[in-house]
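We will go from stop to stop, picking residues as we go.

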Amino acid sequence: MARLTKKQKEARAKIEKDRLYSVSEASALVKDITNANFDASVDLAVRLGVDPRKANQMVRGVVTLPHGTGKDVKVLALVTPDKEAEATAAGADYVGLDEYLTKIKSGWTDVDVIITMPSVMGKLGPLGRVLGPRGLMPNPKTGTVTMDIAKAVTEVKAGKIDFKVDKTGIVHASIGKVSFDAKKIEENANELIQTLMKLKPVAAKGTYVKSVHMSSTMSPSIAISSKEAAL
């Protein structure tokens, strides 16, 4: 087992053992226990009482964080020529079609989100092996396959993220940066939690939100009261 550094020990000492914090308390504490020399991301991990192997208990959705993620999201708009100006004006980093399909086929995936049109999806099918594992395949359910390219690009740039419960029943999502003030971190966390509550599958029985933890890129995690978070 790796030894903890002095800073790691100091960070852990600030977290009360076995205590469940409120979202507000955790949002302030995560800033205090982060000692990274860069603007670390703040992440939320929510364990749900669902069985992801069953289709009727899959939890997946999108949420627009009120204060964004703090990240400069690189967007590729795969569109036909008549939509290129719209995508560019909305702030897409890369705009085009065939030339980018060729680049992706060669392994290029230096983007965070791909937005496209229904008529283009047929061309993306063969690229599933490249895009799928990286979570880059556009999906109508997440708003990344649409005719309203400008709206989709604008929302992603403003802080819209998509999430999906993993095979262990946990939803992981980045909800901001440690440079955010605590109130912004709290409001972003609450937005994600409340969105998850609205997506509770009818087939899910028992406790839905089993645990909630907040952490930054290089900090220990802070346990949040699941009852308080679900209010």
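Start with Ser27. Leaving aside residues up to four places away in sequence, Ser27 touches Ala182, Ile185, Glu186 and Met214 (contact: heavy atoms within 4.5 Å). Ser27 sits in helix α2, residues 23-32. Helices here are DSSP runs of H or I with at least four residues, strands are runs of E with at least two, and both are numbered from the N terminus. Ser27 counts as buried because its relative accessibility is 0%. The cut-offs are under 20% relative accessible area for buried, over 50% for exposed, and partly exposed in between, with a 1.4 Å probe and protein chains only. Now show the backbone nitrogen of Glu186: a polar atom of the Ser27 side chain lies 3.3 Å from it.

A word on the source: this is a predicted model, in which local features need pLDDT of at least 70, side-chain atom pairs count only at pLDDT 80 or more, and totals for chains, interfaces and linings use all residues. Residues are numbered from 1 along each chain as its sequence is written, and side-chain values use heavy atoms, with hydrogens and water left out.

Next, select α7, residues 149-158. Which residues of α7 are buried? They are Ile149, Ala152, Val153 and Val156. These residues cover an arc of only 95° around the axis, so they lie on the same side of α7. The arc is taken from the directions from the helix axis to the C-beta atoms. Step past the helix end to Gly159, which follows α7 and has a positive phi, near 125°.

Now the largest pocket. It holds about 810 Å³ of space. A pocket is an open set of points on a 1 Å grid over the protein atoms alone, where a 1.4 Å probe fits, with protein on both sides within 12 Å along at least five of seven lines; lining residues have an atom within 4 Å of a point. The volume is the space filled by probe spheres set on the points, which are joined across faces, edges and corners. Select Asp112, Val113, Gly135, Ile161 and Asp162, the closest to the pocket centre of its 32 lining residues. β6 gives the most to this lining, with 5 residues.

Last stop: the second largest pocket, about 160 Å³. Its lining includes Thr5, Lys7, Ile33, Asn37 and Met218.

Note on methods: Polar contact = N/O pair within 3.5 Å; in protein donor to acceptor, adjacent residues only side chain to side chain.
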